[in-house]
There are 2 protein chains.
Amino acid sequence: MLKGHQTWVFESKPTVIASAAVGGPYEAKGPLAPDFDLLHEDIRLGQDSYEKAEQKLQEQACETAIRKANMKKEDVQFLLSGDLINQIVPSSFSARTLSIPFLGLYGACSTSMEGLSLASLLVDSKSAKNALVCVSSHNAASEKQYRYPTEYGSQKPPTAQWTVTGSGAALVSKQGKGPKVTASTIGRVIDMGLTDPFNMGAAMAPAAVDTLEAHFRDLDRDPSYYDLIATGDLGRVGHRIAGDLLKHHGIDMPEELLTDCGILIYHEDQPVVLAGGSGCGCAAVTTFGHFFNRMRKGELRKILIVATGALLSPMSFQQKESIPCVAHAVSIEI
Amino acid sequence: MLKGHQTWVFESKPTVIASAAVGGPYEAKGPLAPDFDLLHEDIRLGQDSYEKAEQKLQEQACETAIRKANMKKEDVQFLLSGDLINQIVPSSFSARTLSIPFLGLYGACSTSMEGLSLASLLVDSKSAKNALVCVSSHNAASEKQYRYPTEYGSQKPPTAQWTVTGSGAALVSKQGKGPKVTASTIGRVIDMGLTDPFNMGAAMAPAAVDTLEAHFRDLDRDPSYYDLIATGDLGRVGHRIAGDLLKHHGIDMPEELLTDCGILIYHEDQPVVLAGGSGCGCAAVTTFGHFFNRMRKGELRKILIVATGALLSPMSFQQKESIPCVAHAVSIEI
């Protein structure tokens, strides 16, 4: 049900009855390692390309979530998935393996919350009994496509973020035990004219703030409604900018309330991660793994996840375009 | 509301209150030219890249549809759009121009019906008053990305299809006059092992048949329910294969009932188009332009559009993968 301009309220409160997170070697060394269902030492997962490794991450996340729900894939009516790779081939190919009716999504690193919003809408509107969301990213596959192959060993500025190798899946159902999706705010595309693909956090921060503002306005809520508010993957640079922008927009956001998946997923002193994590998989594994585990343990009761996406392509950058960004916010309660 | 395994029935029958089709120079020479709102002689639309030209096609289609509905863009709650270009940049950049909360989709050439299904679901579930679907493709931008730049002048086999330069937009609303969306069947990914990107029709035909079979089974209908059934863009080769497969699956499909957007959009003897049209824009302009006009004139009352998508990427082809395909079917009545 539409509330305000751009927010859906899910009256039946669709439930995430099971979720899963699969990660790679850098994630295994990070502070959220205990929240993963599977961690791979081999960034190739034994596959002969990074893209096929990413497909495998998705298949494992989906199969784990379905198994944890004591279901078979035939019990799931729809799969909503996406990733960062051209034509989202890891998603399409894992949809082929799973053979579940498939809706392909592209929202860059906001895809996890775009998918969770739509899956919850499907369940809330009785258009699905069970809908599966899955999102992934793969460090080496992304670097190769967006920047330079990792093997080149090119240098990066400290504002750059490290693409997460991981996939998160969440199985949304009309009934059951688990975190409940209560509302979603779908974001507009915001572009403040930034052009540096090595500083995505700064580009995405205004989109996160625009969506947060819309969320609080549409639901007539303020940040204190939540135990925790996490942006998708702004990293350390974007997180500071978002904090400043929120103040500037008159939103009273206590510093300890607002965190960021890109900051949480790696240790600050972990080599190579620079300003923090990024990639579709970042908000997905942090939310579907870490946060949902904390909710199930009773440590968190009401959270808001604002996944942010930088909607650039290597070509739009070469064509000297700035970076349009989007953010979708999902309210989850237990 | 879910019916059967994979079909949504829209009880409130969301209405396409306005739609628009914008095309390029080849479409202007085709038999559907009178159904376009705008036709461009210049394949660049005065822009400095083909991708920016494609963005312009989308913006014009959206603005035309909104204007024909006597609305402003502020009246539209959500924009659902997609295209074939890496990271769907034409869609993201036109979403920036339009500033409407944005859900990015990727379903290759099935995206028009993926979008129309989701927009109808939004309206049917009262999650939007007005939702806009927009899809595009651009011949030169697609050829450059998927095959070779047109300027190379490379030869093609007769099974190849010609990517449509065009964008179609449809504005779905809870009430008003126009074609009504009554049901959608969301397809599974089907891959019969075909690997030839110059024969997509053959690769996609089994996906179209799988979705048609699911549609008739879920709704307990047979083809005679419809005045016209159109596949997305199988072209002449895929169309013949689909006909044979339907017979093989025991579906009684009268030959004159089944047509294909890829066949209709160009004259058979039009130079360069070979086996017919393809691309996201093909099913979009044919449906949102031609078919909806015929429905408004009373020539068609019940139609089923089965948009088909080949979910390959140039990289998946180089990695010697076969071509996974998907098809989504939307039932529209007036």
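A polar contact here is a pair of N or O atoms within 3.5 Å; within protein, one of the two must be able to donate a hydrogen and the other to accept it. With that in hand, here are some notes on this predicted model.

1. **Polar contacts between the chains.** Across the interface of chain A and chain B, 26 residue pairs are in polar contact, with both partners at pLDDT 80 or more. The chain A side that touches chain B draws two or more residues from each of these elements: α2 (50-68), α3 (89-98), β6 (102-104), α4 (111-124), α5 (139-146), α10 (314-318) and β15 (325-333). Of these, α3(A) gives the largest share, five residues. Sorted by class, that side of chain A has 29 nonpolar, 18 polar and 10 charged residues.

2. **Extent of the interface.** On the chain A side, 57 residues are in contact with chain B, which brings 57 residues of its own. Between them the two chains bury about 4,700 Å², and 63% of that is on carbon and sulfur atoms.

3. **Salt bridges.** The count between chain A and chain B is four.

4. **Helix α4 of chain B.** This helix covers residues 111-124, 14 residues in total. From its first C-alpha to its last it reaches 19 Å, close to the 20 Å expected at 1.5 Å a residue. Is α4(B) mostly covered or mostly open? It is mostly covered, with 14 of its 14 residues buried. Just after the helix, B:K126 takes a positive phi of about 60 degrees.

5. **A:F317.** You will find this phenylalanine in helix α10 of chain A. Is A:F317 buried, partly exposed or exposed? A relative accessible area of 40% makes A:F317 partly exposed, because that class lies between the 20% limit for buried and the 50% limit for exposed. Leaving aside residues up to four places away in sequence, A:F317 touches A:T195 and A:P197. As for A:D196, its C-alpha atom is 8.5 Å from that of A:F317, although the two residues are 121 apart along the chain.

Notes
Residues numbered from 1 in each chain as written. Chains lettered and ligands numbered in written order. Predicted model: local features only at pLDDT ≥ 70, side-chain atom pairs only at ≥ 80, totals over all residues. Heavy atoms only, no water. Contact = heavy atoms within 4.5 Å. Buried area = accessible area lost by both parts, 1.4 Å probe. Salt bridge = Lys/Arg side-chain N within 4 Å of Asp/Glu carboxyl O. Polar contact = N/O pair within 3.5 Å; in protein donor to acceptor, adjacent residues only side chain to side chain. Helix = DSSP H or I, 4+ residues; strand = E, 2+ residues; numbered from the N terminus. Nonpolar A, V, L, I, M, F, W, Y, C, P; charged D, E, K, R; others polar. Expected span 1.5 Å × (residues − 1). Buried < 20%, exposed > 50% of the residue type's maximum accessible area, 1.4 Å probe, protein only.
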